[in-house]
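Welcome, and thanks for taking a look at this one with us.

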Amino acid sequence: MTSASAGSASTAPEIVLLTRAGCSACGKAQAVLTELLGGYGLSLHLRDVDRLAEEGDTFTRAEYGDRLPVILLDGAEHSYWEVDVPRLRADLDARRDR
(Lines give C-alpha, C1' and ligand atoms only; values in the text may rest on other atoms or scores of the structure.)
Protein backbone atom coordinates (compact mmCIF):
# COMPACT_ATOMS: atom_id res chain seq x y z
CA MET A 1 0.00 0.00 0.00
CA THR A 2 1.20 3.48 -0.66
CA SER A 3 1.17 6.27 1.85
CA ALA A 4 0.28 9.89 1.28
CA SER A 5 3.12 12.30 0.73
CA ALA A 6 3.87 14.88 3.40
CA GLY A 7 2.40 17.65 1.28
CA SER A 8 -1.02 16.03 0.85
CA ALA A 9 -2.59 16.42 4.28
CA SER A 10 -6.04 16.65 2.68
CA THR A 11 -5.82 13.05 1.42
CA ALA A 12 -8.53 10.94 3.03
CA PRO A 13 -7.26 8.17 5.30
CA GLU A 14 -7.52 4.62 3.99
CA ILE A 15 -9.12 2.09 6.30
CA VAL A 16 -8.71 -1.56 5.36
CA LEU A 17 -10.32 -4.50 7.13
CA LEU A 18 -8.39 -7.73 6.72
CA THR A 19 -10.80 -10.63 6.86
CA ARG A 20 -11.54 -14.14 5.60
CA ALA A 21 -14.66 -16.06 4.63
CA GLY A 22 -16.59 -17.48 7.57
CA CYS A 23 -15.06 -15.15 10.17
CA SER A 24 -17.93 -13.99 12.39
CA ALA A 25 -15.74 -11.49 14.26
CA CYS A 26 -14.83 -10.01 10.87
CA GLY A 27 -18.50 -9.48 10.09
CA LYS A 28 -19.02 -7.69 13.39
CA ALA A 29 -15.98 -5.49 12.80
CA GLN A 30 -17.23 -4.68 9.30
CA ALA A 31 -20.59 -3.53 10.68
CA VAL A 32 -18.96 -1.34 13.36
CA LEU A 33 -16.50 0.17 10.88
CA THR A 34 -19.12 0.82 8.20
CA GLU A 35 -21.26 2.77 10.67
CA LEU A 36 -18.31 4.65 12.17
CA LEU A 37 -16.72 5.55 8.85
CA GLY A 38 -20.04 6.67 7.39
CA GLY A 39 -19.99 9.52 9.90
CA TYR A 40 -16.66 10.63 8.45
CA GLY A 41 -17.70 10.19 4.82
CA LEU A 42 -15.10 7.42 4.45
CA SER A 43 -15.32 4.02 2.83
CA LEU A 44 -14.14 0.71 4.20
CA HIS A 45 -11.90 -1.44 2.01
CA LEU A 46 -12.14 -5.19 2.58
CA ARG A 47 -9.23 -7.55 1.88
CA ASP A 48 -9.60 -11.31 2.25
CA VAL A 49 -6.20 -12.64 3.38
CA ASP A 50 -6.80 -16.06 1.82
CA ARG A 51 -7.72 -14.55 -1.55
CA LEU A 52 -4.65 -12.29 -1.37
CA ALA A 53 -2.50 -15.38 -0.76
CA GLU A 54 -4.02 -17.11 -3.79
CA GLU A 55 -3.09 -14.02 -5.82
CA GLY A 56 0.52 -14.22 -4.62
CA ASP A 57 0.49 -12.00 -1.51
CA THR A 58 1.41 -14.62 1.06
CA PHE A 59 2.96 -12.03 3.39
CA THR A 60 -0.39 -10.51 4.44
CA ARG A 61 -1.89 -13.86 5.43
CA ALA A 62 1.29 -14.93 7.23
CA GLU A 63 1.56 -11.62 9.09
CA TYR A 64 -2.09 -11.03 10.04
CA GLY A 65 -4.00 -14.27 9.41
CA ASP A 66 -3.89 -15.51 13.01
CA ARG A 67 -5.46 -12.40 14.54
CA LEU A 68 -8.30 -11.48 12.19
CA PRO A 69 -10.04 -9.17 11.89
CA VAL A 70 -7.24 -6.64 11.55
CA ILE A 71 -7.85 -2.95 10.90
CA LEU A 72 -5.20 -1.08 8.93
CA LEU A 73 -5.15 2.70 8.95
CA ASP A 74 -3.11 4.14 6.08
CA GLY A 75 -1.31 0.82 5.71
CA ALA A 76 -0.32 0.41 9.36
CA GLU A 77 -1.91 -2.01 11.81
CA HIS A 78 -4.34 -0.09 14.00
CA SER A 79 -6.13 -2.82 15.94
CA TYR A 80 -7.10 -6.48 15.75
CA TRP A 81 -9.78 -8.88 16.97
CA GLU A 82 -12.05 -5.92 17.84
CA VAL A 83 -12.42 -2.37 16.60
CA ASP A 84 -10.89 0.07 19.08
CA VAL A 85 -13.57 2.68 18.39
CA PRO A 86 -12.35 5.46 20.73
CA ARG A 87 -8.79 5.18 19.43
CA LEU A 88 -9.89 5.04 15.78
CA ARG A 89 -12.12 8.10 16.26
CA ALA A 90 -9.22 9.98 17.86
CA ASP A 91 -6.87 9.02 15.02
CA LEU A 92 -9.40 9.96 12.34
CA ASP A 93 -10.12 13.28 14.08
CA ALA A 94 -6.40 14.03 14.29
CA ARG A 95 -6.00 13.37 10.56
CA ARG A 96 -8.99 15.57 9.79
CA ASP A 97 -7.57 18.43 11.88
CA ARG A 98 -4.24 18.51 10.01
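A residue is called partly exposed when its relative accessible area falls between the buried range, under 20%, and the exposed range, over 50%. Asp74, at 32% relative accessibility, therefore counts as partly exposed. Please keep in mind that this is a predicted model.

**Asp74 and Arg95**
- Asp74 pairs with Arg95 in a salt bridge whose closest N and O atoms are 2.9 Å apart.
- Because Asp74 lies in the loop between strand S3 (70–73) and strand S4 (76–80), while Arg95 belongs to helix H4 (residues 85–96), the bridge ties together parts that are 21 residues apart in sequence.
- Arg95 is partly exposed, at 23% relative accessibility.

- Arg61 and Asp50 form a salt bridge through their side chains, at 3.4 Å from N to O.
- This pair links distant parts of the chain, with Arg61 in helix H3 (residues 58–64) and Asp50 in helix H2 (residues 49–54), 11 residues apart.
- Arg61 has a relative accessible area of 37% and is partly exposed; Asp50 is partly exposed too, at 21%.

**Arg96 and Asp93**
- In the salt bridge between Arg96 and Asp93, the closest N and O atoms are 2.9 Å apart.
- Both residues are in helix H4, three residues apart, so about one helical turn separates them.
- Arg96 counts as exposed at 54% relative accessibility, whereas Asp93, at 27%, is partly exposed.

**Shared partners**

Definitions and conventions. Residues are numbered from 1 along each chain as its sequence is written. This is a predicted model: local features need pLDDT of at least 70, side-chain atom pairs count only at pLDDT 80 or more; totals for chains, interfaces and linings use all residues. Side-chain values use heavy atoms; hydrogens and water are left out. A salt bridge is a side-chain nitrogen of Lys or Arg within 4 Å of a carboxyl oxygen of Asp or Glu. Helices (H or I, at least four residues) and strands (E, at least two) are DSSP runs, numbered from the N terminus. Buried means under 20% relative accessible area, exposed over 50%, partly exposed in between (1.4 Å probe, protein chains only).
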